[in-house]
There are 2 protein chains.
Amino acid sequence: MAALRIVNGTVLTMAPDQEPIAEGVVCTQGGVISYAGPAEQAPEPADEQVIDASGCVVLPGLVNAHTHLAMTLFRGYADDMILQEWLEDWIWPAEMRLRPEDVYWGSLLGACEMLRFGVTCFNDMYHMPEQAVQAAIDSGIRACPSGVLLGFLPNAEQLLEEAIAFVAELRQQNHPRIHPMLAPHAIYTCPDEILLKVGEGAVEAGVPIHIHLCETASEVQDSYDEHGESPVAHLNALGLLDVPMLAAHCVHLSEEDIALLAEKQVGIAHCPTSNMKLASGFAPVPALLEAGAVVGLGTDGCASNNNLDMFEEAHLAALLHKAHSGDPTTLPAHTALAMATRLSAQALGLGDIIGTLEVGKRADIILVDMSSAHLQPPRDPISHLIYAAHGSDVRTTIVEGQVVMNDGELLTVDEAQVIARATQCAAHVVEADG
Amino acid sequence: MAALRIVNGTVLTMAPDQEPIAEGVVCTQGGVISYAGPAEQAPEPADEQVIDASGCVVLPGLVNAHTHLAMTLFRGYADDMILQEWLEDWIWPAEMRLRPEDVYWGSLLGACEMLRFGVTCFNDMYHMPEQAVQAAIDSGIRACPSGVLLGFLPNAEQLLEEAIAFVAELRQQNHPRIHPMLAPHAIYTCPDEILLKVGEGAVEAGVPIHIHLCETASEVQDSYDEHGESPVAHLNALGLLDVPMLAAHCVHLSEEDIALLAEKQVGIAHCPTSNMKLASGFAPVPALLEAGAVVGLGTDGCASNNNLDMFEEAHLAALLHKAHSGDPTTLPAHTALAMATRLSAQALGLGDIIGTLEVGKRADIILVDMSSAHLQPPRDPISHLIYAAHGSDVRTTIVEGQVVMNDGELLTVDEAQVIARATQCAAHVVEADG
């Protein structure tokens, strides 16, 4: 892998309180950042591949903290309906027809979209996770794969053992871009005994837990009815908040829940598009951030979004909480961009290796072309990234020091083939009965 | 101007209840649509310029029903602050420094962005409106220009007379793409005697009124305090709702207001991004639509958005009202797309000439490339347009039968020059004191 030297761009390291560096330089060696700072202090040019970032902002790759990647197959399949109808009449029957190749090509389609849009890492929860792993390895993206543990299935215990074995195997392979997790779907689909075993398994394997938490009001009400406490309090009572955890959604929270999530430094994936599209509610993100919680951003799956554009999530996070709070100073642009990068990385337990451009971290870097009319005149790049840019403004995507997308071209996979195969798989999955 | 024949695309005419036409054909002659329908029934090919729309959706150009176009100069200048501070400390002082060339180049920068993003018509309210007119004529976009009448100025009467004369002159010139309006800023900035004269002037000139209405809670409270009635009721008492009118925002409305706006068929420009970014409140769009009101969409100016992407407004409208109502069936994709096209055109009083692809209407047409990974697999094109597409997916923009943007290239203006000049103007306007 060639060492890279990215020159002439405005560098946003996204390290806390770091100002934009005009005409900055970022160097990589062996997939790791070896320099990020002003041109004057940069090391002498060596035998590096030089990338000219003129007119671009250079920043850490965006981190999608919660998705179900192969659900790209369901994009546009079932919109504008209530959650139960969506799940029971549309999504679940289609998912019964999933074959391994469907999950592979669906995941790869999603990886193409994310790499185009500057997403360099995604946290997945989906069936047949070995397929998402393969798609990540093939496309060059970084992944946190996990299956979906549904504790109500008759063979739940066996599935859990298989999931733990899968994670152990991945940990042993030690692929530099694969960071597995264990994913019990939610407390309302996993009985306590399964959750406890997941906790033990996660500690033993040294991996975090990925779970849906407090997404809907009914989930919370059911928890009070069944356990006499909130889902957050219940997970804490089970000891699970002491295991590293990524909790997706966290919409319906009490003040005590917020304090507990902050105290335990549970990673939170805020998914504004999904919460709006499914009318799940308004997550108390400003209060979570105020309490010191670690709040990243996720797209959720493509059946409830319907894209994987993390610029849109950051944009929406900035807008939604202004609207909901009635205060236009809420969640300013720099906070939204931190959520899409540093905080998402931290939420996934990967804060030490990705999320900022700092020496020693993995070289997950994007160049955003700011020269288009809609990003002019030149001004605060963070404002333009959050309030005016789209994923399609990303010019170059680098993961682990490898250029995987440049000038609209994916360099790792044959995108036309991916689209053709994914289209066939989508037809199989949703139209097999038709 | 060459006649056009657009073939091989999926045609969405956006006429009510019309289904997508696979492999449809759209023909234009002399800037007017001469055919839109299935290939089988299309007229024989004549001496036309053929546009291959393979892989594209062909639909009416999007109509931006409310903006302040030259405020592109202020993009990213003042975010994340309360309205009064934004206006009084940032925007108004900068606007004091505006020269005619600033308004021209700022408007042209906005026109470039809109044409790239498939917006073929915009409704403007800004100082020195002759500059926006020139920018529209030069760039090839369709415009509804108007100045800003601030009734509290000492020379308000004179300014009104000038505005009426300006409109009369434009009406006389009868440019096919210029549709002037008269724009009193709002009821809280225009005393009744000015509003009444605006109404007379509008009737005399045969143009609609463009006004901000019920944008903030304080505007409504002030109206009750001063007039003992809501702003909508007050305009009605003055007889102004019987003049064709485009009312921007309409956030804070009573049930009576909603009924009145529907009864009088006042055109409404819903501006979801602006309402969210400035925390103005949640417009009762589902109730307005239910009552039969004419609700289009607008971006508002670039200092409160910060872009001119109508795909984003349609997307946000679909999401926001699901979130606010708690009902995910609210404002489905086809309604959002109708708001961005047919309903916006109707709201501007241009429903007879633009907004749908129907024989006899002006040929304002866009081609959206659906072949990218984020719009795959192929499925309901309306869902993909609303929930997954961006303005940058527009491949071709046609206004009045003229191809003005194709494959990312603007054919009417030198975009590099526009960006350079607008950047200079922006520096003058915001940094003259610095």
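R99(A) is partly exposed, with a relative accessible area of 29%, where partly exposed covers the range between buried (under 20% relative accessible area) and exposed (over 50%), taken with a 1.4 Å probe on protein chains only. In this predicted model, local features need pLDDT of at least 70 and side-chain atom pairs count only at pLDDT 80 or more, whereas totals for chains, interfaces and linings use all residues. Residues are numbered from 1 along each chain as its sequence is written, chains are lettered from A and ligands numbered from 1 in the order in which they are written, and side-chain values use heavy atoms, with hydrogens and water left out.

The partner of R99(A) is E101(A), and the two side chains meet in a salt bridge with an N to O distance of 3.7 Å; the term stands for a side-chain nitrogen of Lys or Arg within 4 Å of a carboxyl oxygen of Asp or Glu. E101(A) is also partly exposed, at 35%. Over all chains, this rule gives 26 salt bridges. Side chains of opposite charge can pair when their charged atoms come close.

A salt bridge of 2.6 Å, N to O, joins E415(A) and R116(A). This pair links distant parts of the chain, with E415(A) in helix α14 of chain A and R116(A) in helix α2 of chain A, 299 residues apart; helices (H or I, at least four residues) and strands (E, at least two) are DSSP runs numbered from the N terminus. E415(A) counts as buried, at 14% relative accessibility.

In the salt bridge between K264(A) and D242(A), the closest N and O atoms are 2.8 Å apart. K264(A) sits in the loop between α8 (255–263) and β11 (267–270) of chain A and D242(A) in the loop between α7 (231–237) and β10 (245–249) of chain A, so the pair ties together parts 22 residues apart in sequence. Here K264(A) is partly exposed at 25%, while D242(A) is exposed at 53%. Elsewhere, R142(A), R362(A), D364(A) and E400(A) are joined into one network by salt bridges that share partners.

The interface comes next. Contact (heavy atoms within 4.5 Å) involves 59 residues of chain A and 59 residues of chain B. The buried area between chain A and chain B is about 4,600 Å², 64% of it from carbon and sulfur atoms; this is the accessible area (1.4 Å probe) that two parts lose on being put together, summed over both. Two salt bridges are counted between the chains. K322(A) belongs to helix α11 of chain A and is buried, at 0% relative accessibility. Beyond its neighbours within four places in sequence, K322(A) has contacts including Y387(A), M276(B) and K277(B).

Turning to the rings, seven aromatic pairs occur over all chains, a pair being rings of Phe, Tyr and Trp (its six-membered ring) with centres within 6.5 Å, counted as stacked with planes under 30 degrees apart, edge-to-face over 60 and tilted for the rest. F74(A) and Y77(A) form a tilted pair, 5.9 Å centre to centre and 35 degrees between the planes. Both F74(A) and Y77(A) are buried. The rings of Y77(A) and W90(A) have centres 5.2 Å apart and planes at 70 degrees, so this pair is edge-to-face. W90(A) is partly exposed, at 29%. Together, F74(A), Y77(A) and W90(A) make up one aromatic cluster.
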